[in-house]
Amino acid sequence: MFRYVNQAAEKVDGMALVTGEEKYTDDFKYKDMLYVAILHSGYAHAKIEELDDSEARKMDGVIEVLSYKNAGGILYTTAGQGYPEPSPYDTCLFNDVMRFNGDNVCAVAAETKEIAEKALGKIKVKYGVLEALTDFEQSEFSGVVIHDGDGSHAKIPVYYNASENVAAKVEAEAGDFEKAYEASARKLEAAFYTPYASHCALEPHAAVTYLDTRGRLIIRSTTQVPFHVRRIVSSVCGIPIAKIRVIKPRIGGGFGGKQEVLLEPIAALITWRTKRPAKITYSRREVFKSTRTRHQYRTIFKAGYDLDGRINALHLDALENSGAYGSHALTVLSNAGSKTLPLLNKIEHLKFTGKGVYTNLPCGGAYRGYGATEAYFGLGQIVDMICEDTKTDIIEFYKKWTIKPGETSPIFQALGEGKEGVAMTVGSSSLDECISIGVKESHWYEKKKLYSKDFNQGRFKRGIGMSVMMQGSAIPEVDMASAYMKMNDDGSFNLLVGATDLGTGSDTILSQIACEVLDTPISKIIVTSSDTDFTPFDKGAYASSTTYLSGQAVKKCAEEIRRQILKTGAEILNIEEDNAIISDSSVVSKDGLYKATFEEICRYSYYGKNQYQIQAAASHTSPKSPPPFAAHFAEIEVDTLTGIIRVLKYVAAVDCGIPINPTLAEGQAEGAIVSGLAYALFEDYYFSEKGKLLNDTFGKYGVMTASDIPSIEVFLVNSYEETGPFGAKSVSEININGALPSVANAFYNATGRRLFRAPFTPERVLEALEN
């Protein structure tokens, strides 16, 4: 029985957020600050033949202009990942070759934002326009080579071939797919397409830099990865790490989009050269066209199966559009296989092949779901198609063939993030219960029967579809998190974590974990997160790792604090440590006769005998990545005249272990589902023939607003993950994976037609109905 975890505690920053007291990066202003504007390429592929910034430099108020002439040449990756990064080193701060419409040409620093933006118009650039490659299915072996002899290379020993436009390649096989496929009674092959997508975080990317009184560079940034920012800025700008401090203020959403190091090196270089504060804040248009997106994908599934529905062989071939640079290309590609194929672990012959290829289009990057979202679109429909063909109940199929506690999959070891994976046995799962709850709450069988052919005779047709999925919790034997705590003389505690709260509530969750160990209220925990000078290292907020990995570091740290408190408390009470317990912010003798409060204990440790600071630090890595599981059910209505799909009801049953804060976990699940539904129904990037992004505003792009959101019911179905803090696993990413296959399967059940290309726009719906 828990007292502080598995409770709906209020967010520790909740009141400050709603009253506007918390500061975001763009809120910070400093004396003599410079404002930076960036000139972006208007061409998808071009070489700068001449760049003349003399007129801009003559303008009053213009202080510095950065371009390939005076700031560039060092190859790096913008992907904020652990070192050495699995993403290729193929990017320069500024270059003389423009590889997509939105690439950086130069940056102007001026006394005001208006002057900086006006100065951009004074810069004369003569381009030699090159042939652009915009079809990712035609990229490999194309005559257009995106990184033609520019020195781009992989930092780790993996396949990389820039001369053929291959940014990443991954292959793995368990069993003998071809033999089993040929021997199967039934065969099925289908291709599925998923589009580009923007993270649509409400807060745009921003960075503010300045020098402190000792000449050190301070970076305030909208980053998910402050420690990776420090390392990468040091490398790109030639500034010693010891001279750099990165601070993450409050963040208005990230979803993976802020796992990139894009603006920080530019602002840092301006400040380092001019000794003046500098600020860059992107406009919404710049966020759309110049930051990072979800990778565009084509997945081809080949399945061999028997007439009873048993799948003998399954091959997933993935083609990923990396865009102009290979940020996260390898790891997102790996996840497309590693987070999907183990789900049906009883298939004996599994094969994964994948390539990430360059194009002259915007760059893919980390995005919630991270490859799994793209692959589940096809996998969820393939299972539905096989069940339909073999007259198999899909509910019973998933209950029979999905991975169970105590079971493993060869894919765990075969596929890691950019390298071989780690063998793992699933320790916790309530997936069968999730499926049963979803069936009950969605009225699955009743709706399937109701929406029979007799019901769907008119213009409006209804259907219900479902899918099942898994994800992971942190990257095993790669990610590391740490925490530090000290006790104060009023019995409160400073909790310092490198973990990055993006608005997810991780500051609150980590505080709850410390409270549970120390049996003290959340008001006694003063949490400070993400300051590279003061908080210990954490890999950052990505890979579904914060609650699971950083939470376990906090738990280990708090347990050491608890040991020190018990020791000191027993000394005060003159009792044996074995006879002392912690209860309600005090050390108490087991017979209840003696008691010392946390306040008394800390003051004793400060000023009494055997003086010392009660403090501790702890780090944590994980040998496994325990998967959360989920079953999603979508009920839809299709207008066969207009092609509009309306979601009537969405039910998600989710196993995230023990939710540390059920309210926040439900909020994470609901947010992911909304994002997934928008991705399924209308989110996409539209380009001109020359690779220019046409829908680069919220209005043109189309996001799901409050009035668009259907009825969503989330059910947290507890399991207990032994390796997680108080039984917790991840919850955020997995729930974006269900909308694509569930809505597509519902569409089939309503109309008898399949949707193979997302988003399911009215045009595509009508095309599917007509064909």
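## The second largest cavity

The second largest cavity has a volume of about 70 Å³. A cavity here is a set of points, on a 1 Å grid over the protein atoms alone, where a 1.4 Å probe fits but cannot get out; a volume is the space filled by probe spheres set on those points, joined across faces, edges and corners. Lining residues have an atom within 4 Å of a point. There are 13 of them around this cavity, and His 199, Cys 200, Ala 201, His 205 and Val 287 are the closest to its centre. By class, the lining has 3 nonpolar, 6 polar and 4 charged residues, where Ala, Val, Leu, Ile, Met, Phe, Trp, Tyr, Cys and Pro count as nonpolar, Asp, Glu, Lys and Arg as charged, and the others, Gly among them, as polar.

This is a predicted model, in which local features need pLDDT of at least 70, side-chain atom pairs count only at pLDDT 80 or more, and totals for chains, interfaces and linings use all residues. Residues are numbered from 1 along each chain as its sequence is written, and side-chain values use heavy atoms, leaving out hydrogens and water.

## The largest cavity

In total, the structure holds 4 cavities of 30 Å³ or more. The largest has a volume of about 210 Å³. Its lining is made of 18 residues, with Thr 91, Cys 92, Asp 103, Asn 104 and Arg 292 nearest its centre. Of this lining, 10 residues are nonpolar, 6 polar and 2 charged.

How values were computed
On a 1 Å grid over the protein atoms alone, a cavity is a set of points where a 1.4 Å probe fits but cannot get out, and a pocket is an open set with protein on both sides within 12 Å along at least five of seven lines; lining residues have an atom within 4 Å of a point.
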